[in-house]
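Please read the following report alongside the sequence and the coordinates.

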Amino acid sequence: HVQLVESGGGLVQAGGSLRLSCAGSGTMFRFTRMAWYRQAAGKQRELVASIISGGSTTYADSVKGRFTISRDNAKNTVYLQMNSLTPEDKAVYYCNAQRKGDYWGQGTQVTVSS
């Protein structure tokens, strides 16, 4: 069955960078859409960035110019490069993938100290 495994979260100082990775397994087909969501304490989960198999991307206004989503279709892997992090970026980041179903990773914590 399909699994998404995230890595790359952690603690970073404000202004620093982190790179998240999410590797999909359990399918030989390419995900049509892959995305990153985040959920801060006491808030609803929100879309951070998404990328479709053709490469088109979308970003939340709050991360435009700071975050970059990319994917390796051959590996069914999606990445999120996060630069200029602020304490407002602190959240659990979840990977999402879609192809004839909606799949979620277990989440990875990102903490930004001021």
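Helices (H or I, at least four residues) and strands (E, at least two) are taken here as DSSP runs, numbered from the N terminus. On that basis the protein chain has zero helices and eleven strands, and its pattern along the sequence reads β-β-β-β-β-β-β-β-β-β-β. The radius of gyration of the protein chain is 13 Å, close to the 13 Å that the globule rule gives for 114 residues, so the chain is as compact as a globular protein of that length; the radius is taken over C-alpha atoms, and the rule is 2.2 Å times the number of residues to the power 0.38.

This is a predicted model, in which local features need pLDDT of at least 70 and side-chain atom pairs count only at pLDDT 80 or more, while totals for chains, interfaces and linings use all residues. Residues are numbered from 1 along each chain as its sequence is written, and side-chain values use heavy atoms, with hydrogens and water left out.

**The chain as a whole**

Taken along the principal axes, the C-alpha atoms of the protein chain fill a box of roughly 40 × 25 × 20 Å. Buried residues (under 20% relative accessible area, with exposed meaning over 50% and partly exposed in between, for a 1.4 Å probe and protein chains only) make up 40% of the 114 residues. With contact meaning heavy atoms within 4.5 Å, 52% of the contacts between residues at least 6 apart in sequence join residues at least 24 apart.

| Residue | Location | Relative accessible area |
|---|---|---|
| Asparagine 96 | strand 9 (residues 91–98) | 1% |
| Arginine 66 | loop between strand 6 (57–59) and strand 7 (67–72) | 17% |
| Arginine 71 | strand 7 | 15% |
| Leucine 85 | loop between strand 8 (77–82) and strand 9 | 1% |

Beyond its neighbours within four places in sequence, asparagine 96 is in contact with residues including Leu4, Arg33, Tyr37 and Trp104.

The side chain of arginine 71 reaches the backbone oxygen of phenylalanine 31 at 2.6 Å, and a polar atom of that side chain lies 3.4 Å from the backbone oxygen of isoleucine 51. Not counting residues up to four places away in sequence, arginine 71 touches, among others, Arg30, Thr32, Met34, Ile52 and Tyr79. Arginine 71 and serine 21, although 50 residues apart in sequence, have C-alpha atoms 9.3 Å apart.

Which residues does leucine 85 contact, leaving aside its neighbours within four places in sequence? They are Val12, Ala14, Gly15, Gly16, Ser17, Leu18, Arg66, Phe67 and Val112.

Technical notes. A polar contact is a pair of N or O atoms within 3.5 Å; within protein, one must be able to donate a hydrogen and the other to accept it, and residues adjacent in sequence count only if both atoms are side-chain atoms.
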